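Here is a friendly tour of one chain and its neighbour. Have the viewer ready as you read.

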Amino acid sequence: MTASTPLATTASNGTRPQPQRQPGFHFPLAKVSFYGFCSLSYIFLLSPLVVVVGASLHRGSRYTVVKFPPEELSLYWYTQIPDAHWEALTLSFSLAFMASILACIVGIPAALGLVRSNIPVKGLFSSIFRAPLQIPSIVTGVAFLQMYYLFGDLTGIYVNGTFAGLLLGHLFVGIPYVVGTVGAVLQRFDTRLEEAALSLGAGRITTFRRVTLPVIMPGVYAGGLYAFMVSFGDVPISIFLSAPGFVTFPVELFYGMENDFNPSVLASSTLVILFSLGLLLLMQRIVGLENLLRSGGGS
Amino acid sequence: MSRVNLERVVKHYGSVVALQEMDLEIQEGEFLTLLGPSGCGKTTTLRLVAGFIEPTQGTIYLGNDDVTYVPPQKREIGMVFQDYALFPHMTIADNIGFGLKERGAGKEEMRNRVGELLDLIHLPGVEDRYPAELSGGQAQRVAVARAVAYAPRVLLMDEPLGALDLKLREAMQIELRRIQQELKITTVYVTHDQGEAMNMSDRIVVMNLGLIEQTGNAEDIYNNPRTKFVADFIGSINFLPAMIVGDEGEWTVAETVGTKVKVPKSDASSSSGEVAIAVRPERLELIANGGDGINVVPGTVSNKIFNGNLMRVFVDVGADEPVVIELPPAEVHSETGDSVNIGWAPQNGQVLTE
């Protein structure tokens with residue numbers, strides 16, 4: 001008995017008993033389940049996209065229902081995308097583009113003020129800039145519509161159902177993203193860069209243009225991209241502020257699904273997915289590069 | 001290049017006094033170091049000269065111009081920061097050329113000047129690199145080149161070597177001093193490192209709690225510190241608690257740990273309260289008997305530390321702190337626990353008050 005227990009033998013040598021490696025027990029169960037879990041997450045995140053793209057490639061006929069996986073691959077439905085979709089896409093794109101630019105124009109100074117100033121009610125101001133994210137979009141939509149009616153009744157100018165009306169609504173939800181991301185970058189911004197520029201003879205405006213803005217640009221890109229995406233994908237606000245014949249792409253799809261569903265919806269959705277993917281990759285390239293540069297200063 | 005002059009400058013931050021009335025004149029071409037612990041007001045002084053902050057009271061002159069309320073971009077200064085503050089999104093050439101461009105220099109002129117400056121800092125050929133691609137020492141030299149590119153009236157440096165390791169710091173001290181001498185540029189340098197201050201400066205201003213404690217060159221301050229603070233901050237020093245007990249010709253007689261010693265007469269000689277006898281460790285000896293005119297205090301060796309080129313012997317003489325003596329290792333024959341006499345020539349001691 002004593003001879004067979006490794007503990008007794010090693011102890012008698014006066015050395016520490018070594019824990020014995022048991023092959024088989026070291027089967028990487030933890031590793032397998034970890035990777036399994038990760039894979040499941042990816043499948044969960046990607047499967048809706050795969051279904052949309054796959055189903056859009058199914059040939060079918062006017063009378064077939066959506067089919068996944070596709071039986072015969074074809075770009076047929078891409079030729080059947082109705083003009084209304086293209087018009088809606090154009091509107092959504094211009095809207096999202098304008099909304100993100102305006103969100104940056106409003107958001108950057110706001111972020112500067114919120115991060116740099118020492119006003120006592122700073123907390124209140126930053127809550128105001130976060131508020132649009134905390135109000136359900138549907139409520140925002142209703143509120144904007146009511147506001148437009150009220151404004152129209154007072155002035156005779158009704159902006160609901162116009163580009164400007166949609167733009168304001170989208171700007172409202174876009175600003176917080178720019179304030180958030182630019183604010184985060186500004187928190188880490190080394191103000192000595194600005195002092196260096198001033199000491200070298202650059203005025204306040206030149207300093208902002210040549211030093212501050214380029215350095216916080218990754219935050220601007222990220223915030224602008226969020227604002228773009230939020231605007232581009234918005235239904236609840238747009239549905240209230242659109243007018244017949246003047247609708248954004250998601251709202252057009254929404255109506256299309258309700259009234260006359262055919263796989264051309266999937267085809268145009270696939271185009272949007274590809275577009276978003278391209279935009280994302282582009283941003284990653286730009287922001288990634290900027291990040292590399294802004295880590296600068298040696299050390 | 002210009003003289004810099006601060007007249008009765010005071011700076012308060014709310015109720016906090018960062019700088020109590022300061023008078024300071026920096027000569028043309030002088031390398032002046034503001035030395036002191038953090039919170040002593042040295043950085044505040046530098047930022048006042050730079051124009052990043054305005055004084056609560058007083059006047060600041062650059063040359064003959066009153067610049068007290070002139071914004072930094074109109075002061076024609078060059079500034080070097082601890083963490084370099086190079087513009088990360090610009091190449092080295094664009095960084096160095098930043099101030100030149102602001103002054104409307106042409107492309108050709110800029111390229112030539114950048115080349116000259118890179119030669120000056122011994123870093124040719126890095127024009128097209130980005131700051132992130134440089135080492136700390138290189139980045140700091142580029143920062144200096146950027147600051148002096150358009151011949152500013154004064155060069156201001158705020159702990160520029162603080163982020164570098166020891167070896168590099170020493171090499172950079174020599175480098176910075178060389179550049180300053182070549183350009184003959186008026187320089188105000190801020191540091192808390194006394195070694196740095198002594199290695200580079202024409203004149204050192206020791207500051208504490210928003211006040212100038214002492215101004216002078218390195219030797220002056222080391223040999224004749226005016227206060228306990230200065231003596232302690234520059235180099236290491238022993239303090240023995242003492243009372244003034246009398247007067248003997250050119251010497252003041254003080255009693256410390258039960259022994260009478262002689263020290264040179266000074267302002268503190270008439271003090272009636274507790275004073276300190278200050279002696280540098282390298283000016284103390286271990287002696288067998290008191291010779292003529294030598295101060296002798298008996299004690300016990302409590303520790304010895306071998307430091308390579310010297311041995312530090314700690315002797316307990318009955319004061320709160322042991323007295324430290326630095327000797328060549330070959331001259332130390334006493335062991336821990338031995339009774340010894342420490343001795344020093346009266347002119348090597350000093351009587352100081354707080």
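How many bridges join β1(B) to strand β4 of chain B? There are 5, and β1(B) and β4 (residues 57-62) run antiparallel.

## About the model

This is a predicted model, where local features need pLDDT of at least 70, side-chain atom pairs count only at pLDDT 80 or more, and totals for chains, interfaces and linings use all residues. Residues are numbered from 1 along each chain as its sequence is written, with chains lettered from A and ligands numbered from 1 in the order in which they are written.

## Chain B overall

Chain B contains 8 helices and 20 strands; these are DSSP runs, of H or I for helices (at least four residues) and of E for strands (at least two), numbered from the N terminus. Its C-alpha atoms fill a box of roughly 75 × 45 × 35 Å along the principal axes.

## Around β1

Pairing here requires at least two DSSP bridges between the strands. Leu6(B) has Leu24(B) as its bridge partner in β2(B), while Val10(B) stands opposite Gln57(B) in β4(B).

The β1(B)–β2(B) hairpin leaves 2 residues between its strands, and Gly14(B) in the turn has a positive phi of about 60°.

## Meeting chain A

Now to the partner chain: 28 residues of chain B are in contact with 24 residues of chain A, contact meaning C-beta atoms, placed from the backbone, within 7 Å. On chain B's side, β6 (77-80), α2 (92-102) and α4 (136-148) each supply at least two residues.

Terms used:
Two residues are in contact if their C-beta atoms, placed from the backbone, lie within 7 Å.
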